[in-house]
Amino acid sequence: MSIFSKVYDVIVIGAGHAGCEAALASARLGVSTLLLTINLDNIAAMSCNPAIGGLAKGHLVREIDALGGEMAKNIDETGIQFRRLNTSKGPAVRATRAQADMWLYKNRMKRIIENQKNLDVYQAMAAKILTKENRITGIVTTIGETIYAKALVITTGTFLKGLIHIGLERFPAGRLGDPPSNRLSDSIKELGFEIGRLKTGTTPRLDARTINFTELEAQHSDSDLPNFSYLTENIKTPQKPCFITYTNAKTHEIIRSGFDRSPLFTGVIEGTGARYCPSIEDKVNKFPDRDRHQIFLEPEGIETNEIYPNGIPTSLPIDIQQRMANSIKGLENAKIMRPGYAIEYDFVNPVQLKTTLETQLISGLFLAGQINGTSGYEEAGAQGIIAGINAAKYVQESEPVIIRRDQGYIGVLIDDLVTKGTKEPYRMFTSRAEYRLLLREDNAHIRLSGIGRQIGLLDSDIWDKIQDKINRINEIRETLKRTRIHRSNDIDNWLNSIDSAIFNDSITLEELLRRPEVDMEKLSGQFDFINDLPKDIKEHIEVDVKYEGYINRQIEDIEKSKKIEEIRIPSDIDYSEIPGLSNEVREKLGRHKPSTLGMAGRISGITPASLTAIRIYLRKLELV
């Protein structure tokens with residue numbers, strides 16, 4: 001056994017989307033960091049769909065950017081199609097999504113990683129976690145190298161005992177082409193962690209040269225390209241369209257003909273799959289009355305012919321996959337370049353974590369990404385930046401960073417995981433947030449940049465720009481409140497032209513903007529100071545004015561809940577000493593170890609009466 005020449009403050013295992021954010025955050029906070037990866041060529045690889053963002057996920061990307069992370073900048077520089085989703089719906093559910101050039105995306109992130117101060121990168125596979133008195137001391141690699149460190153962040157994605165299924169054929173792999181990490185999973189289990197099994201999957205990749213795009217509906221980028229990062233001024237990469245097609249009755253017949261050789265239906269797969277991103281065979285089986293399912297043909301890059309058919313993830317035998325593809329409009333002659341597959345992998349039940357993403361069992365051990373039961377690049381990146389920040393804070397012996405549910409989707413994500421756990425791959429939705437009108441994509445930087453700046457991750461140039469925006473918004477809001485327009489023929493004619501009611505004497509611009517039929521663009525045609533405003537400021541002000549009553553109500557709810565959220569529960573509390581708690585409640589509280597009364601209330605099965613009993617007990621101890 002050899003000893004690594006350098007001792008690190010933090011080691012990050014895994015260089016996927018969680019690992020990259022964790023390693024960068026740790027290094028940028030000034031602690032020596034090592035990023036360990038099985039394959040240096042696959043840093044930030046997109047194993048599944050070539051896209052970043054989407055509903056609720058776009059919110060997470062903007063929040064990562066507000067904290068000083070890299071994902072938003074990376075997609076802005078490598079994206080080949082940018083669109084705003086749900087623009088006709090309420091502001092809480094509007095989101096940005098971008099197709100990525102997968103090779104540009106990972107190559108840029110690799111360059112950023114390799115040039116980051118305080119960060120080393122090393123190709124190796126971790127085999128064993130080293131601890132002393134329940135504290136991290138380092139790791140051992142599969143080739144016998146010992147690397148010492150004070151903290152460890154594990155971001156292994158689908159690699160823990162990964163097992164790929166294509167039909168009834170199966171073989172160990174972390175993803176197609178990379179080996180699994182088996183010994184590390186055993187080491188985690190030996191430390192006493194509860195481990196489960198999940199399953200996810202991906203689609204076959206198609207050769208664009210064999211697809212007839214002329215018969216399909218094209219989907220282009222928005223004319224005014226949106227972006228994710230506050231630093232991005234404009235998108236410079238060439239844009240490419242996606243195309244829409246559908247499965248049909250023949251497709252479904254072919255899929256059913258492969259059920260007897262499907263690992264999903266023959267009991268071969270043990271792990272629980274994603275409810276919200278099921279395989280195409282699962283959709284056909286569960287929804288027999290549906291005559292078609294939508295497919296987005298997504299380009300994987302500017303200079304590649306690979307197409308990702310989003311909508312048909314599958315683990316069916318390869319012959320069925322080929323026949324299925326050829327039954328779809330536009331894909332009659334399509335050739336598969338890579339088969340679709342399902343992958344099973346180990347994960348750690350996230351109720352064993354603190355809200356800092358440090359484990360309860362081992363001090364200095366942090367987990368982020370799919371190892372915590374989540375799915376998606378964005379969920380992984382969000383956990384990664386928090387785990388990296390808090391690993392650095394742990395080493396520096398300073399206060400950790402915790403994002404509350406009312407502060408961001410990152411807070412909702414982590415709180416859901418540690419209080420409720422998960423039995424299936426967790427995916428973020430806007431419906432998971434109680435205060436989603438406050439947690440909009442357009443105000444992510446206003447909400448969280450103060451935290452990013454305070455901990456030292458957010459650059460001063462971004463911070464200054466955000467402060468300028470906040471000041472401008474406040475200034476315009478005051479102007480709208482003060483500016484009163486009086487009735488005249490010109491005003492009456494204008495109101496008639498936009499189907500808005502005539503007022504009697506005078507009205508403020510703010511009152512006028514509250515009308516459903518009046519928006520900032522219509523006011524722009526009448527008032528030059530509004531016309532000159534940037535689009536993002538117009539959007540922010542319009543939402544604040546039109547939804548002010550709802551927003552104020554949510555703020556009041558937050559203030560009320562804070563009284564409960566701020567009641568701390570000691571980590572060493574003995575729940576058996578609290579009168580009035582059932583054995584089931586005591587077991588759940590002892591297992592989850594909630595840090596606040598609010599967290600305790602979100603644990604399944606914890607009743608209001610139980611919370612009252614805990615509060616009375618804390619009062620007797622003079623802790624409330």
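Accessible areas come from the Shrake-Rupley method with a 1.4 Å probe, and for residues only the protein chains shown count as cover. On this basis the protein chain has an accessible surface of about 26500 Å², of which 46% belongs to carbon and sulfur atoms. The model is predicted: local features need pLDDT of at least 70, side-chain atom pairs count only at pLDDT 80 or more, and totals for chains, interfaces and linings use all residues. Residues are numbered from 1 along each chain as its sequence is written, and side-chain values use heavy atoms, with hydrogens and water left out.

Of the 624 residues of the protein chain, 58% count as buried, that is, under 20% relative accessible area, with exposed meaning over 50% and partly exposed in between (1.4 Å probe, protein chains only). Along its principal axes the C-alpha trace spans about 85 × 75 × 50 Å.

Six aromatic pairs are counted; rings of Phe, Tyr and Trp (its six-membered ring) pair if their centres lie within 6.5 Å, and planes under 30 degrees apart count as stacked, over 60 as edge-to-face and the rest as tilted. One of them is the tilted pair of Phe213 and Phe243, at 4.6 Å centre to centre and 40° between the planes. Phe213 is partly exposed at 22% relative accessible area, whereas Phe243, at 15%, counts as buried. Phe366 and Tyr394 form an edge-to-face pair, with 6.2 Å between centres and 75° between the planes. Both Phe366 and Tyr394 are buried. Ring pairs also link Phe4, Tyr8 and Tyr122 into a cluster.
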